[in-house]
Amino acid sequence: MSVGRNELCPCGSGKKYKKCCGVVTPITELRSRHEQKLQKEYAGWVERLNHFVSGQVSSDAVQELRARFAAEVGLSGESVMSPEWTAHFFNWLVLDVKTNGDTPIENYLKQHGRRMEPDLRRAFSRLNLDVYEIVQVDRDALTVQHPLRGDVRYVIRTNTLQVEPGQLIAGRLLSLGLRDVLFTGSIVLQPHLKPALLEWLKAHPEISKAADDSAERTYTTAFYRFIVQFGAEETPRSVQGMVRRVYQVPDMSRLQRMIESHRMLELKKREGSREIWVYAPRKEEHLFTALKDTLLELYEVQAEVLIQDGTVLLEGYAPQLDELAALLQLPQSSGEEAITALSSTGAKLTKGTLFITSQPTLPSKVLQWAVQTYFTEKWLLSANDALDGLAPVLVAASDNETMQDKLHKLVEQLEKDNKLGQGVARFIRVESLKSRLAIANDDLHIAGLLTRPLIEGLPESVYTVQPERLADIHQFVQEMTEGKSEATVKKYDEVMTNFRSFVRSAFGPGFSWEQFRREDLAYFLVHDIFTRVDASTKTLATNLLSVLTAFFKWLDKQHQTTLTPVMQPLLAELKDTLPEAYRYRTLLEKDAHQRLFGSEESFRTVKEETMVLEEKTAEGWYVKNSKGDRVLLTLPAEDVLQLASDWLISGLVGQTGDDTWSLIGTPELFPPVIGQLMGLKQRVLV
């Protein structure tokens with residue numbers, strides 16, 4: 001039957017055919033939607049897989065397998081327990097080790113695979129360790145190629161993956177259709193390893209069969225051993241003096257196109273016909289969701305290119321200038337001289353010299369705050385010699401009193417250095433460290449509700465809860481959703497998947513449900529949840545409250561805990577205010593981003609603050625900041641926000657020329673009961 005596009009649709013909807021069943025969706029759009037759907041489901045299934053394995057593999061078996069893994073790879077007992085190798089060990093255990101004929105992932109797919117999207121189930125079954133050479137790096141994707149087979153794949157790029165063309169990735173790719181996602185646990189290898197790596201791959205043809213046949217995945221530990229033996233080698237760097245080379249380029253338009261299209265070159269300054277570009281093969285990025293997904297880009301400068309009137313100058317050290325000249329296909333240099341500083345800065349180029357920019361462009365004070373925040377996060381998560389090679393957050397999450405003492409002394413020294421303006425303290429936000437590391441302090445900070453910092457991304461380690469705690473969550477969801485509607489299943493699954501991730505990150509192996517506190521629940525509801533969901537809605541708030549209420553009652557019945565009497569007063573207090581807090585957050589976010597990017601205001605001071613609302617006026621709200629000062633904060637019209645005294649607003653704020661403060665980043669709003677848990681005394685009106 002032929003139906004005209006303007007006729008009523010035969011399905012009976014009452015709409016025209018072209019607006020209903022006659023809508024034609026391009027195949028690329030359908031594939032993109034499918035990828036997005038699989039990507040959303042992927043994280044939840046990984047979490048369920050972790051839970052499944054925890055219940056299937058005993059602690060004794062894990063210890064035995066860990067010792068075997070360390071021996072086969074060539075790792076010390078201390079190294080195999082590090083966060084980096086924990087992820088690789090867990091992947092090997094789950095995806096490669098066969099027990100009674102099957103790997104844990106195969107057992108998992110047999111039991112639960114029918115509930116998964118077929119494409120996702122197939123992708124999980126093909127997770128073998130392999131090597132891929134990086135061909136191209138774009139903002140949201142990597143183009144990689146297998147160094148032997150030559151097949152090309154496209155990998156979704158995460159904010160934490162800092163790589164460059166020529167490097168190699170040893171890891172597992174999970175297909176989402178058009179593109180792949182890099183499964184947890186990967187190693188970036190330097191280009192100089194490629195010849196030796198190719199020889200190793202040729203000697204192990206079983207790798208090419210491993211995706212389709214898990215029985216071929218017997219090479220994993222041997223491959224890791226190869227990496228341990230050869231991966232630490234570094235190519236030597238020259239330390240001779242800086243030089244400036246001069247080039248006369250006949251075809252400047254061709255050179256200009258080449259420079260503008262190459263990702264290793266970034267425009268630093270343009271003044272009339274004079275341009276300065278930085279050559280930076282290594283770049284790091286950090287996404288600030290609170291600043292409307294602003295991307296901070298930090299380029300490690302290796303050399304600079306100066307262009308003016310047909311002349312090109314290269315400044316830097318000779319080996320890097322050789323690389324750059326070859327990259328730009330420059331003719332023979334017409335002159336060279338020794339220099340002591342770059343023309344653009346008047347300073348010497350040293351290792352770690354950075355050129356920093358952002359997309360979109362941030363005001364200077366906001367950019368300064370963003371850079372300090374980036375380096376603070378990096379310091380918190382990086383190995384520290386003063387802490388025996390452990391990251392500060394890992395020490396803070398441990399029960400080792402000796403290491404805790406070292407951490408406290410380290411933070412105290414940073415505070416002293418900050419006052420003197422010396423050392424690494426110059427580049428990080430020292431004032432936030434104690435709250436982030438759960439060290440006792442008087443700051444009004446939401447992280448102060450926790451007894452230890454969150455540890456994300458470790459599937460099985462000494463930093464997370466015992467499998468039995470996660471099994472409780474799984475059993476609760478099963479019992480509450482059995483025979484229920486799809487909407488009910490979705491509600492319980494969304495809430496408890498996010499709560500499970502929080503519990504795994506927030507507590508150690510000694511945690512029991514009796515130790516769960518109101519402060520932990522408050523932190524999850526007013527802060528942590530926003531790191532795990534795409535949008536904060538009133539419906540989400542309502543679902544969180546109702547499902548968690550049911551969960552605490554279930555725990556009391558199942559384990560004879562007494563959580564309901566402790567949690568219920570807080571949940572009741574939040575019944576009306578939490579949905580409003582989520583709604584206000586969305587409204588204030590729009591206003592803050594408009595002020596940050598859509599106005600000409602300049603900010604004298606920018607800081608992250610938690611402020612207490614005190615008095616509403618025609619100009620805004622008088623609030624009390626962290627120092628106890630009373631300042632004026634401008635907010636949208638009162639008919640949009642029905643706020644009241646003693647509410648708290650936390651976020652990035654900027655001070656303008658008239659001494660008023662405004663929100664310029666995505667805020668969080670805390671009802672008065674949260675302030676009480678944070679140690680804030682409520683005012684009594686007489």
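Predicted model: local features only at pLDDT ≥ 70, side-chain atom pairs only at ≥ 80, totals over all residues.

What follows is a list of stops, each with something to select and what you will find there.

**Before you start**

Residues are numbered from 1 along each chain as its sequence is written, and side-chain values use heavy atoms, with hydrogens and water left out.

**Stop 1**

Rings of Phe, Tyr and Trp (its six-membered ring) pair if their centres lie within 6.5 Å; planes under 30 degrees apart count as stacked, over 60 as edge-to-face and the rest as tilted. That rule gives 36 aromatic pairs. Start by selecting Trp 200 and Phe 226, a tilted pair with 6.1 Å from centre to centre and 35° between the planes. Trp 200 belongs to helix α7 (residues 194-202) and Phe 226 to helix α8 (residues 220-230), so you are looking at a link between distant parts of the chain, 26 residues apart. Helices here are DSSP runs (H or I, at least four residues), as are strands (E, at least two), numbered from the N terminus.

Trp 200 is buried at 12% relative accessibility, and Phe 226 is buried at 7%.

The axes of α7 and α8 come within 12 Å and cross at roughly 160°; axes are lines fitted to C-alpha atoms, for helices over the stretch in contact, and angles run from 0 to 180 degrees between N-to-C directions. The two helices are therefore roughly antiparallel (under 35 degrees counts as roughly parallel, over 145 as roughly antiparallel, 65 to 115 as roughly perpendicular, the rest as oblique). Their crossing is right-handed, which is the name used if the near helix is turned clockwise from the far one by less than a right angle, with left-handed for anticlockwise. For the contact itself (heavy atoms within 4.5 Å), pick Ala 196, Leu 197 and Trp 200 on α7, then Ala 222, Phe 223 and Phe 226 on α8.

**Stop 2: another ring pair**

Next, select Phe 476 and Phe 551. Their rings are edge-to-face, 5.0 Å centre to centre with 65° between the planes. Phe 476 is in helix α15 (residues 467-481) and Phe 551 in helix α18 (residues 538-559), so the pair ties together parts 75 residues apart in sequence. Phe 476 is buried, with a relative accessible area of 0%, and Phe 551 is likewise buried at 0%.

**Stop 3: a covered helix**

Bring up helix α17 (residues 518-526), where eight of the nine residues are buried. Colour those: Glu 519, Asp 520, Leu 521, Ala 522, Tyr 523, Phe 524, Leu 525 and Val 526. What do they pack against? The partners are α16 (486-506), α18, α19 (563-597), β22 (668-670) and α20 (672-677).

**Stop 4**

Select His 88 in helix α4 (residues 83-95). His 88 is buried, at 5% relative accessibility. Not counting residues up to four places away in sequence, His 88 touches Phe 69, Gly 185, Ser 186, Ile 187 and Tyr 224.

Then go to Glu 106 in helix α5 (residues 104-112). Glu 106 is partly exposed at 22% relative accessibility. Leaving aside neighbours within four places in sequence, Glu 106 contacts Lys 98, Gly 101 and Ser 214.

**Stop 5: backbone details in loops**

Zoom in on Gln 359 and Pro 360, which are joined by a cis peptide bond with omega about -10°. Pro 360 sits in the loop between β16 (354-359) and α11 (364-381).

Lys 292, between β11 (282-288) and β12 (294-300), has phi near 60°, a positive value in a residue other than glycine. Asp 646, in the loop between β19 (630-634) and β20 (648-655), also has a positive phi, near 80°. Which is buried and which is exposed? Lys 292 is exposed, with a relative accessible area of 54%, whereas Asp 646 is buried at 10%.

Methods:
Buried < 20%, exposed > 50% of the residue type's maximum accessible area, 1.4 Å probe, protein only.
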